[in-house]
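I opened my notebook to look up a few things in this structure.

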Amino acid sequence: MLDAFSRAAVSADAKTACIGAGEIASLKQYIAKANTRLDAVNAITSNANCIVSDAVAGMICENTGLIQAGGNCYPNRRMAACLRDGEIILRYIAYALLAGDPSVLDDRCLNGLKETYIALGVPLTSQARAVAIMKASSLAHINETNTETQMAESNQMLQQRYNKMATVKGDCSMVSAEAASYFDRVISALG
Amino acid sequence: MKSVVTTVVTAADAAGRMPSASDLESVQGSIQRASARLEAAEKLAAGFDAVVKEAGDACFSKYPYLKQAGEAGDNQGKVDKCYRDIGHYMRLINYCLVVGGTGPLDEWGIAGAREVYRTLNIPTAPYVAAFAQARDRGCSPRDMSPQALAEYNSLLSYVIESLS
């Protein structure tokens, strides 16, 4: 498993070269944006249950056959397995976002995932759809554009009811683009 | 590759939980020292050839017998390899400064080194002399800031310990 820093070491070692000013400049970017990154990871982990259950519910709303007899989410046991898998995928995405490198996601989650799902008869398109919803809601939580936050902003009374991350507003474009790339990685691994 | 972030992620994964607040705190803690480490790595990379040459010169001036016939540095090819090895260690120190742990040195430099040196009948004391010279030579603020120099010197000490 690698992070942004050890990735630089491994690729420099392949060339038998020192890590020079160019690579170090991009790592300084990671450090300068570290607090934003940690807030983004916190936004995902603090809302993980909500993100996962919304995504699975959304997936089923769009395809109600899943919870009818014979569907892949039909007995509670299989529905629970689906929720668990959603959480596992989200957890590895959170690790990758923390590390700033997708190797942990690739090695420990995506490697063989598609083959496992095919062998178990899990519909890949439904799973990919759930990941796509998780992507949308995770990015909303990172950027605080989720519905709850927006409603709370317009209504003081609602602020107490909704879970608002009390972070300082800043530029999250880089870290949210990076998070989006990890979700896309999962979706393309399932495709 | 062992670093603060990968250690945190490995522990969280073994427990099957999301990164917790304390995990994020320890990543934050390592980030705070990172700018000094990166400064040291950058300065070392900039003066790399000079550092390696000076360290290599120090080992041959302390142990001139190495260049006598039958010793480990009795022809130019062997001498060049000594400088090359010192360069390898310095390069790994550069990686360790970036990674923020001793992972690169442990995995690519130290593991198996003792066995290799014994098999090839190479003395390790000259290497120690070379890295001790590099450690004594560093000067703050001429070369780098005090904190950066401390990080650099601690890795040199780590290499010296492993060769002693």
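I began with burial in chain B: of its 164 residues, 38% count as buried. Buried means that 20 or more other C-beta atoms lie within 10 Å of a residue's own; 12 or fewer means exposed, in between means partly exposed, and C-beta atoms are placed from the backbone.

I noted where the numbers come from. This is a predicted model, where local features need pLDDT of at least 70, side-chain atom pairs count only at pLDDT 80 or more, and totals for chains, interfaces and linings use all residues. Residues are numbered from 1 along each chain as its sequence is written, while chains are lettered from A and ligands numbered from 1 in the order in which they are written.

**Chain B overall**

I counted eight helices and zero strands in chain B. Helices are DSSP runs of H or I with at least four residues, strands are runs of E with at least two, and both are numbered from the N terminus. I put a box around the C-alpha atoms of chain B along the principal axes, and got roughly 60 × 40 × 20 Å. I then took the contacts in chain B between residues at least 6 apart in sequence; 69% of them join residues at least 24 apart. Two residues are in contact if their C-beta atoms, placed from the backbone, lie within 7 Å.

**Helix α1 of chain B**

I checked the length of α1(B), residues 4–15. Its twelve residues should span 16 Å at 1.5 Å a residue, and its end C-alpha atoms are 17 Å apart, which agrees. The expected span is 1.5 Å times one less than the number of residues. I found Val4(B), Val5(B), Thr6(B), Val8(B) and Val9(B) buried in this helix. The buried residues of α1(B) pack against α1, α5 and α6 of chain A, together with α2 (21–46) of chain B. After the helix comes Gly16(B), with a positive phi near 65 degrees.

**Where the chains meet**

I looked up the contact between the chains: 31 residues come from chain A and 29 residues from chain B. On the side of chain A that touches chain B, α1(A) gives the largest share, seven residues.

**Tyr117(B)**

I found Tyr117(B) in helix α6 (residues 113–119) of chain B. Is Tyr117(B) buried or partly exposed? Tyr117(B) is partly exposed, because 16 other C-beta atoms lie within 10 Å. Not counting residues up to four places away in sequence, Tyr117(B) touches Ile122(B) and Thr124(B).
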